[in-house]
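These are my notebook entries on a structure that I examined residue by residue. I set down what I looked up and what I found.

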Amino acid sequence: MLKLNAGLCVRSLSVESECNKCELVCPTTAIAIGESNLPAINFSECVTCGACTAICPSEALTLDEFDATNFFFDFVEDKDNLLSCRKNVPCISALSIEHIISLAVLKKEIVFDMGYCDSCDIAHTCHTQILKNYEEATYLLEAMENEAVIKLENVCYENEAKDSNRRDFLNAANLKTVAKMKKSFEDEVQKASDELTEHTLEKTDIALLRRKTIPNRRKIFFTAIKRVDTPSQFHIVDATEVSFTSQKLMDAEACTACQMCYRVCPTGALVSDTKNSKIDFDPFLCIKCHICHDVCEPNAITLASSYNVKEFFEPKVQSLMSFNVRRCDECDMVFSTNSSDRMCYRCKCEDEEARELWGITDDM
Ligand code: SF4
Ligand code: SF4
């Protein structure tokens, strides 16, 4: 069964968040952004393919039936290198790019079994997503000068479940896990319901929101990268081809030192110090969730058009902004600014509003 951890969903951090990756990748209509601004789930429509869990930048969605982190460690130990929806994954789209690259570099070769895609009900989105992931992973492996190979083959792996449909197979494959988990009565009721189940933030979620969390897949990725040879040169790749991390540019003129970008950043990729005198960026931690852009009113923070793979091998914190810290002439509060302003942003706005209201011009 699919679960949403509301405290990890980036939409919980701000109403400005435009993330709907889970909704877009879902091959049925099981996920829709609900009235509470969080993804709502129709459990009876969900086919537990796991594509949404893999695409969610913050690992807010999980499947009871498949844990990609546990799977990763089991598969690394396994002599076999075949990934098949009839063998070991609910759908190959349930593996994130970071998982795919990590498996490829550690196992040297992995094979995607595409043999069932043509007859699969959910291929219209999942097959497309698998190919996208394959292309991105292959592109980055090449940029890393890594010889690992990912193969797409029509293996049509067969087991005793071959004549049953996909959902029957998933249930059979996960029987052990399911028995262990003792699914609750409420879960079953939810699955039978043909309505979108809304999610809201609970007290425990709010505690999670305040915590900066690095997804497990990112930790796996960097652990795997540490075990591979550094390329002869660090290649610069097209940033639009990299879905899971980014590099940032800051327009110092446009930045109003409002502090929003680093306060909402879920992983701590954007940070400041206790005086709010700077903004630093650590690409190692960025999950490209886009919320820092969504909340930046003057669009001061933008995505760089290229990405240097050096960040995978020698991650370095970059300084994006440094501010002057001073007391506001009006309210006496300490504030950060990148200009010669004597008033904080709030007092400046209030001053501008008052001037507009009373028709006061600078030369008066
Ligand atoms: S953060 Fe994850 S769960 Fe939330 S909207 Fe984005 S993809 Fe969906
Ligand atoms: S830097 Fe921006 S895109 Fe990257 S994780 Fe933080 S908020 Fe998300």
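Is cysteine 347 buried or exposed? I found cysteine 347 buried, with a relative accessible area of 10%; buried means under 20% relative accessible area and exposed over 50%, with partly exposed in between (1.4 Å probe, protein chains only).

Before going on, I noted that this is a predicted model, in which local features need pLDDT of at least 70 and side-chain atom pairs count only at pLDDT 80 or more, while totals for chains, interfaces and linings use all residues. Residues are numbered from 1 along each chain as its sequence is written, chains are lettered from A and ligands numbered from 1 in the order in which they are written, and side-chain values use heavy atoms, without hydrogens and water.

Entry on cysteines. I searched the whole structure for disulfides (pairs of cysteine sulfur atoms within 2.5 Å) and found zero. Cysteine 52 is in none, the nearest cysteine sulfur being that of cysteine 49, 6.2 Å away. Cysteine 52 counts as buried because its relative accessibility is 9%. For cysteine 347, the closest cysteine sulfur belongs to cysteine 344 and lies 3.6 Å away, too far for a bond.

Entry on lysine 288. I located lysine 288 in the loop between β11 (278-281) and α12 (291-295); helices (H or I, at least four residues) and strands (E, at least two) are DSSP runs, numbered from the N terminus. I then found a polar atom of the lysine 288 side chain 2.6 Å from the backbone oxygen of valine 242. Beyond four places in sequence, its contacts (heavy atoms within 4.5 Å) include Lys21, Phe244 and Leu303.

Entry on α3. In α3 (residues 68-77), I listed Ala68, Thr69, Phe71, Phe72 and Phe75 as buried. They lie on the same side of α3 because they cover an arc of only 160 degrees around the axis, taken from the directions from the helix axis to the C-beta atoms. The face turned away from that side carries the exposed residues Asp74 and Glu77. Aspartate 67 caps the N-terminal end of α3, with a side-chain oxygen 2.8 Å from the backbone nitrogen of threonine 69.

Terms used:
Polar contact = N/O pair within 3.5 Å; in protein donor to acceptor, adjacent residues only side chain to side chain.
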